[in-house]
Amino acid sequence: MSTNNGNGADAPNRFIGKSVKRVEDKRFTTGHGRYTDDIVLPHQTYAAFVRSQYAHAKIVSVNITTAKAMPGVVAIYTGAHVAEVNGVPCGWQVNFKNGTPMKEPKHPLLVTDKARHVGDAIAIVIARSKEEAEDAAQAVEVKYEELPCEIDAFKAAQPGAPLVHDDVPNNICYDWALGNPIDEVNAAMNSASHVTTLEFVNQRLIPNAIEPRCYNASYDRIHDHYTLYTSSQNPHVIRLLMCAFVLGIPEHKVRVVSPDVGGGFGSKIFHYTEEALLTWCSKHIGRPVKWTAERSESFLTDAHGRDHITKAEMGFDNDGKIVALRVKTYANLGAYLSTFGSCVPSYLHGTLMQGLYTTPKINIDVTAVFTHTTAVDAYRGAGRPEATYVLERLMDLAAHEMKVDPVELRFKNFIPPFDGVTQPGYQTQVALQYDSGNYHGVLEKGLQMLGYDDFRKAQKEAAHNGKLLGVGFSTYIEACGIAPSSVVGSLGARAGLFEFGQVRVQPTGKVTVFTGSHSHGQGHETTFAQVVADKLGISMDDVHIVHGDTGKIGFGMGTYGSRSLAVGGTAIVKSIEKIIEKGKKIAAHLLEASADDIDFANGNFTVKGTDKSIPFANIALTAYVPHKYPDDLEPGLDFSSFYDPANFTYPFGCHIAVVEVDKETGKVTLKRFIAVDDVGNIINPMIVEGQIHGGVAQGIGQALFEGAEYDNNGQLTNASYMDYCMPRADDFPMYETATQITPCPHNPLGVKGAGEAGAIGSTPAVVNAVLDALWSGGHEVKDIRMPLTSERVWRAMQN
């Protein structure tokens, strides 16, 4: 891969496309990371919460008298103290089919009337130490009147179900549809020669980032200024929501800092009530307030993911071509609307129902429902894994029912290759237009790595010997680089989804980059430095990346949706282009030439056709010591850019799982996992591979191990690592990975995004493999509810 450095000719890269070791890992591996919980401010206090033990209960009374008198207690606040404060807002408007807005009940900082899920916050206790705060919190006396609850999205939407919010009929937040008119889809389905129907649950997951959520808020009375340290993926968004919608504080009076963040997976995008409440408390007590979640609190209060109940139907003609897709989903939102909870089951899910196939008629209908459970929002992949699961499970099941090969069925229905330049992008039936794709290529490469024909022979031999081997396929696509603002605005987003990048060249030629993107494990300090170093022809050691601080960075929308390079990286490139353009003017003046005759490559400004050149560092010095300088040019070499993309980016790929199922116990052993991903141009192959590995582990975790389990009383029965089954290293084989490169045509880096790909394609591949294994042994099973535990697989075989 090569890059254009501004001289009209491609120059070879020194860093882009290379597996450069992550520069940030030195401080992480030597214990020098600085996380929010590491920050201790002068006169620091600590908070603990009194949380509801019930999923649904009227709060009769809250008695804080005894707790307030306990040692070390500084203050206690209940819902009555903050009743006039606004609740945290939802960031995405979704309308009912008839155009009326969705239902948006208040999400209070502390509840006053009733608790709506286990863990709902009733009071905050602030003390000199964490231990004193926790002791006092246990002494707060809350009198409850328990009420009936409902945890199931489908049941909660039925007449007569217990209401989560009294002003939301049938608990329905919205009933939404996308695609072709339903009568057209119904007609196409009725004309189909074969219809495959699948009803299933995409179970609820708990993100489990390694660093629990943590906030530390302080207030400076002298300057009337707040500072909030937060373990967030997007500090500017937190400041915007908290200031404009919750506390009503002018933004210039609030600094939000996200230092090192230990993973997020989407769960740290959102504006949580604790962030605003601690900020409010810091002013009222005149001291800093810190809260760090206990792991049990994280299970109960971090936004969960997935939780869909779906019926999907796919119709085929006599030749095996898809003629229609019809999907009905009940999406569980939990008790409250989280920041982007409303858009995950609608726009991030429904708009991917085209998949990689030429399906001519599609209708997706989603009913989003409040239940007495923890709020649900984006979790790695956010809607795209759910859409992929629908399509890829249907494809393998349809192939089995029609007695055709699942690979051939996919090849027959794939969208033909297109590059988005010489051929237009592909317009789907569900609003989006894909940028570029070669879907045949990733499946062909995956089949080569698998040795498909040899596997099918081995599968037959294994069946004769009493073993069950299976292979599962998943060919996926996702929408990343979440933008452009005009499109997402028309779809209900209440914010722009651009990104900001500032490049400041120092007089010595060293470079500081300020980015609105935020790193919580992605390696931005490495990949962004690779891009800047190559574009400016300098060393990576001369590039410093700054992120996560609203006091230093002009603005930013943060990191989620695999948007960092595609959107944030492009904003940086736009600023570099401005620097090079100005550098050419300075060089032209020094070299007594026209700016149009100046080339820039390999860190030198050169007069075309001559050997007259000036190094980049000299231009930088001249910009700040402008003794010999163009009259019409201001000093300095510092530019900012906002980049709002023309379209989403669309990574895609093929994941293949090979499993063995024990006939006696139902135990599933994952023998091989192959991932062929096309994420566009690749800046750092090692980092991309690491992202794929992590995503695949989470996707396999959903298929075989993980799942939040509520009982009928709304109690989360596996709210600890003793009970919630997280996958471990010995549960996985060595992954076999490969890439294909189809550049994105609408950003200068040609990148598409890699952070979520592994979690999107892997889950249905594993489930399909298990079912293929059972089919090879004569077990006609349509579906097994995830996670596919040994017991569930064994019971499926018995039935």
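How many cavities of 30 Å³ or more does the structure hold? In this predicted model, the count comes to 6.

The largest cavity has a volume of about 260 Å³. Its lining is made up of 24 residues, and the closest to the cavity centre are His107, His117, Tyr272, Thr273 and Thr301. Two or more lining residues come from each of α7 (273-285) and α8 (295-301). By class, the lining of the largest cavity has 11 nonpolar, 9 polar and 4 charged residues. Domain 1 (36-147 + 213-292) contributes to this lining, and domain 2 (305-483 + 647-798) does too, so the largest cavity lies between them.

The second largest cavity has a volume of about 90 Å³. The lining here divides into 10 nonpolar residues and 1 polar residue, with no charged residue.

Helix packing was examined for one pair. Two packed helices are described by the angle between their axes and the distance between the axes. For α10 (residues 384-402) and α11 (residues 406-413), the axes come within 9 Å and cross at roughly 115°. The crossing of α10 and α11 is right-handed. On the α10 side, the contact involves Glu392, Met395, Asp396, Ala398, Ala399 and Met402. These residues meet Pro406, Leu409, Arg410 and Asn413 of α11. The contact of α10 with α11 comprises 6 nonpolar, 1 polar and 3 charged residues.

How values were computed
Residues are numbered from 1 along each chain as its sequence is written. This is a predicted model: local features need pLDDT of at least 70, side-chain atom pairs count only at pLDDT 80 or more; totals for chains, interfaces and linings use all residues. Side-chain values use heavy atoms; hydrogens and water are left out. On a 1 Å grid over the protein atoms alone, a cavity is a set of points where a 1.4 Å probe fits but cannot get out, and a pocket is an open set with protein on both sides within 12 Å along at least five of seven lines; lining residues have an atom within 4 Å of a point. Grid points are joined across faces, edges and corners, and a volume is the space filled by probe spheres set on the points. Helices (H or I, at least four residues) and strands (E, at least two) are DSSP runs, numbered from the N terminus. Ala, Val, Leu, Ile, Met, Phe, Trp, Tyr, Cys and Pro count as nonpolar, Asp, Glu, Lys and Arg as charged, and the others, Gly among them, as polar. Domain bounds come from an automatic or database domain assignment. Axes are lines fitted to C-alpha atoms, for helices over the stretch in contact, and angles run from 0 to 180 degrees between N-to-C directions. A crossing is left-handed if the near helix is turned anticlockwise from the far one by less than a right angle, and right-handed if clockwise. Contact means heavy atoms within 4.5 Å.
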